[in-house]
Amino acid sequence: MTRQTLREAIVAALKSVAPEADASSIDDDERLRDALDLDSMDFLNFVIALHRDLHVDIPEIDYPKMQTLASAVDYLEGKLPSSP
Amino acid sequence: MADFRMPSLGADMDAGTLVEWKIAPGDKVARGSIVALVETQKGLVEVEIWQDGVVESLVVKPGTKVPVGTVLATLSDGAGAQAAPAPTPAPTPAPTPAPTPTPAPVAAPQVAAAPVVPSPVALPPSAPDSRVRASPAARQRARELGVDLASTKGTGPHAAITLADVENAARPAVAAPAEVPVEPMRATSMRQAIAATMARSKREIPHYYLWLDCDVTPAVTWLENDNRSRTVTERVLFAALLLKATALAVREVPEMNGFFTGGEFRPSSAVHVGVAISLRQGGLVAPAIHDVDSLSLVAIMARLRDLVGRARAGTLRSSEMSDPTLTVTNLGDQQGITSVFGVIYPPQVALVGFGAPTSRPWAQGAMLGVRTVLTMTLAADHRVSDGHRGAVFLGALARLLGEPEKL
């Protein structure tokens, strides 16, 4: 999975938990919680959506590594098998 | 004579618009069935019925706005005679407005035969014949733009129609006019409902406030460890602990749990905790999770997830709106907010607030350390309790959070 497709998967997960917010226009370095007004329930649902779509397990202790789109891409890239 | 009436779905509701019937004449209905969709100032609500019977007639047509108490339908027992009136409309006394004057724009009689008031805002031409899920903001925007929700594709949770869906559907129609007053109109009716309720609360309820800083390090640590053994879909949020602890604490101090109506306090034997849920498009609702004191943390978490999802999708149920016996507001997700002093939802008599757990210097005996500290607040009704009992309540809450494994 390329970084671009990974980014798109993350945005899709965000849209699924916060359809009222505009996840498409978020900047890479904006804090997701602030930019999309996510509460802890939304964030947990976001993590569940990523688990469902990408088959990755994100422990609570790693939530701080998912604060922005850029850091989430970095983190998930490390969790997923390398692209051929 | 058994009548099904427009229910009061909270102290801020004076009237509601019947959006859709889920029943037809001749249908059998059972206690707890969802029989209608009603739009209030705070959004769409699935209305349940609290008696068994057979539908004789539907008195009010979809698209009609009527005051609380208006007969919407009549029931019989199915043998020619009409069903006996239900002993109670809901599991607990519905928090109907106190008989004191309110600044309501529409009178809210508690009696039958209330006049039918035509809706000042017409529904889209084709009132939905089938179930339409839409957020409150989407419904309001659809009315403003004349969008037919029944033919709009939803992209939200459970295919609910979102604000963006409505605006996308209306795009060709609104392309020509340059300026549409979108922002000033959005969520106006919900803001008016909140304003009316909060103003009534501050006018009628002599609030007193207490707060207590609580070392919640043991609870946070316990939950982190407990969640490690759970799958991601079974994780429990700290908010679930707070709800359970609150419910157990009010069992010890029942003056915090019930309704002040008719000039006296009516304690509730059940603990239905209203959960303040902010809506991203603006405003908030505070529907109930029923019998929180008897639920496990996992069950509370499941109910909370369901409730938040449906609150934002606009599919709450009437019993959830009318049943809260006290309310919890949790601003723990807002960075830097350490405390909240809330306004009681009448006719409830207490509101419990939680700020964000933060790392703070904390003295334990002669030692100073850094602990995770939570400020818990209580807004309570001085007609029902005094500061001493409020302090006992907060003390019980702190003690319960200190033993999270027992929650």
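This is a predicted model: local features need pLDDT of at least 70, side-chain atom pairs count only at pLDDT 80 or more; totals for chains, interfaces and linings use all residues.
Chain A is built from helices, four of them, with zero strands. Chain B brings sheets into the picture, among them an open one of five strands and an open one of four.

**Chain A overall**

- Reading from the N terminus, the elements of chain A go α-α-α-α.
- The C-alpha trace of chain A stretches over about 35 × 25 × 20 Å along its principal axes.
- Buried residues make up 30% of the 84 in chain A.
- Take the contacts in chain A between residues at least 6 apart in sequence: 57% of them link residues at least 24 apart.

**Helix 4 of chain A and what covers it**

- Helix 4 of chain A covers residues 69–79, and its buried residues are Leu69(A), Ala72(A) and Leu76(A).
- As background, an α-helix has 3.6 residues a turn, so residues three or four places apart point the same way.
- Which elements cover the buried residues of helix 4 of chain A? Helix 1 (3–17), helix 2 (32–36) and helix 3 (40–54) of chain A are included in that cover.

**The loop between helix 3 and helix 4 of chain A**

- His55(A) lies in this loop, between helix 3 and helix 4 of chain A.
- The phi of His55(A) is positive, about 60°, although the residue is not a glycine.
- His55(A) counts as exposed because it has 10 C-beta neighbours inside 10 Å, and the cut-off for exposed is 12 or fewer.
- Asp62(A) is also found in the loop between helix 3 and helix 4 of chain A.
- Is Asp62(A) buried or exposed? Asp62(A) is exposed, since 12 other C-beta atoms lie within 10 Å.
- Between the C-alpha atoms of Asp62(A) and Ala35(A) there are 20 Å, and along the chain the two are 27 residues apart.

**Where chain B touches chain A**

- The contact involves 15 residues of chain A and 19 residues of chain B.
- On the chain B side, helix 5 (217–228) and helix 7 (297–313) each contribute at least two residues.
- Helix 7 of chain B gives the most to that side, with three residues.
- By type, the chain B residues that touch chain A split into seven nonpolar, seven polar and five charged.

**Sheets in chain B**

- The five-strand open sheet of chain B has the order 7-2-4-5-16, with mixed pairing.
- Strand 7 (64–67) and strand 16 (316–317) of chain B are at the edges, and each has a single partner strand, so one side of each has no neighbour in the sheet.
- Ala36(B), in strand 4 of chain B, stands opposite Trp21(B).
- The four-strand open sheet of chain B runs 1-8-6-3, and its pairing is antiparallel.
- Its edges are strand 1 (2–5) and strand 3 (28–29) of chain B; each has a single partner strand, so one side of each lacks a neighbour in the sheet.
- Strand 3 of chain B pairs with strand 6 (residues 53–58) of chain B over two bridges, in the antiparallel sense.
- Lys28(B) has Val54(B), in strand 6 of chain B, as its bridge partner.

**The nonpolar core**

- The largest nonpolar core has 114 residues, and Leu243(B), Val273(B) and Ala350(B) touch the most other members.
- Helix 6 (residues 238–252) of chain B supplies the largest share of this core, ten residues.
- What does Leu243(B) contact, leaving aside its neighbours within four places in sequence? Its contacts are Val273(B), Ile289(B), Val292(B), Ile300(B) and Val328(B).

**Backbone details in chain B**

- The peptide bond from Pro346(B) to Pro347(B) is cis, and its omega is near 5°.
- Pro347(B) belongs to the loop between strand 17 (326–330) and strand 18 (350–354) of chain B.
- Asp291(B) is not a glycine, yet its phi is positive, near 50°.
- The place of Asp291(B) is the loop between strand 15 (288–289) and helix 7 of chain B.
- Asp291(B) counts as partly exposed, with 15 C-beta neighbours inside 10 Å.

Terms used: Residues are numbered from 1 along each chain as its sequence is written. Chains are lettered from A and ligands numbered from 1 in the order in which they are written. A residue is buried if 20 or more other C-beta atoms lie within 10 Å of its own, exposed if 12 or fewer, and partly exposed in between; C-beta atoms are placed from the backbone. Two residues are in contact if their C-beta atoms, placed from the backbone, lie within 7 Å. Ala, Val, Leu, Ile, Met, Phe, Trp, Tyr, Cys and Pro count as nonpolar, Asp, Glu, Lys and Arg as charged, and the others, Gly among them, as polar. Two strands pair if DSSP finds at least two bridges between them. A nonpolar core is a set of buried Ala, Val, Leu, Ile, Met, Phe, Trp, Tyr and Cys residues joined through C-beta atoms within 7 Å.
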